[in-house]
Amino acid sequence: MQHIFSPPVIASLSTLIFIALGLNKIVPSVLFKPVEMIGNCTLPLALMVVGGNIALVELKNINKKVLSVFLFGKLIILPALGLWIVLKLALPQLFGFLIIMQLAMPSATSLSVIVRRYNREDALISQGIFFSHIISLITIPLFLGLYLSLVVLK
């Protein structure tokens with residue numbers, strides 16, 4: 001149970017409760033500004049993690065079979081299955097678009113940080129993150145375009 005309630009999960013839940021109670025409107029800017037500045041660091045830090053993962057990828061040591069299965073499942077099967085479910089449920093366009101977009105995204109860069117935290121082998125994770133970001137340059141527009149053509153232009 002302690003793994004479920006990690007510090008990021010507790011922070012996210014606390015924030016949602018804070019906003020739901022309307023307490024975010026009474027926070028003085030002197031407290032909010034530093035939090036906003038930390039939040040603005042998210043993208044540059046994520047790019048640094050991806051860059052570090054790229055540095056760890058050794059092309060000669062790639063486990064092609066495992067990586068292929070992972071990438072096929074993550075970037076093809078999940079978005080395709082999600083697309084089928086969204087179309088069958090006839091969800092509102094924006095909601096369906098957000099689901100497909102989320103399913104088509106590459107692996108989270110935080111995976112490498114989590115793996116290192118628990119002292120596990122991170123070479124495969126680094127390879128998966130790196131190649132999923134590269135391949136998603138094709139699969140994201142493919143699945144979003146497919147969704148828009150099937151839903152919006154039908």
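Student: Why are H5 and H7 called roughly antiparallel?
Tutor: This is a predicted model. In it, H5 and H7 pack at an angle of about 160 degrees. Angles over 145 degrees count as roughly antiparallel, so H5 and H7 are roughly antiparallel to each other. Their axes lie 9 Å apart, and their crossing is right-handed.

Student: Which residues of H5 and H7 meet?
Tutor: From H5 come Gln93, Gly96, Phe97, Ile100, Met101 and Ala104. From H7 come Ser136, Thr139, Ile140, Phe143, Leu144, Tyr147, Leu148 and Val151. By class, the contact of H5 with H7 has 10 nonpolar, four polar and no charged residues.

Student: Why is H4 described as roughly parallel to H7?
Tutor: Helix H4, residues 64-89, packs on helix H7, residues 123-151, at an angle of about 25 degrees. The cut-off for roughly parallel is under 35 degrees, so H4 is roughly parallel to H7. The axes of H4 and H7 are 9 Å apart. H4 passes H7 in a right-handed crossing. By class, the contact of H4 with H7 has 19 nonpolar, five polar and no charged residues.

Student: What makes Leu83, Val86 and Ile100 part of a nonpolar core?
Tutor: Membership takes buried residues of the listed nonpolar types, joined through side-chain atoms within 4.5 Å. Buried means under 20% relative accessible area. Leu83, Val86 and Ile100 belong to the largest nonpolar core, which has nine residues.

Student: What is Tyr147 in contact with, leaving aside its neighbours within four places in sequence?
Tutor: Leu83, Val86, Pro92, Gln93, Gly96, Phe97, Ile100 and Val152. A second, separate core has seven residues, including Ile62, Leu67, Leu75 and Phe131.

Student: Why is Ala108 called partly exposed?
Tutor: The relative accessible area of Ala108 is 39%. Buried needs under 20% and exposed needs over 50%. Ala108 falls in between, so Ala108 is partly exposed.

Student: Where does Ala108 sit?
Tutor: In the loop between H5 and helix H6, residues 110-117. The C-alpha atoms of Ala108 and Ala46 are separated by 9.1 Å, although these residues are 62 residues apart along the chain.

Notes. Residues numbered from 1 in each chain as written. Predicted model: local features only at pLDDT ≥ 70, side-chain atom pairs only at ≥ 80, totals over all residues. Heavy atoms only, no water. Axes fitted to C-alpha atoms, helices over the stretch in contact; angles between N-to-C directions. Helix = DSSP H or I, 4+ residues; strand = E, 2+ residues; numbered from the N terminus. Parallel < 35°, antiparallel > 145°, perpendicular 65-115°, else oblique. Left-handed = near helix turned anticlockwise from the far one by under 90°. Nonpolar A, V, L, I, M, F, W, Y, C, P; charged D, E, K, R; others polar. Buried < 20%, exposed > 50% of the residue type's maximum accessible area, 1.4 Å probe, protein only. Contact = heavy atoms within 4.5 Å.
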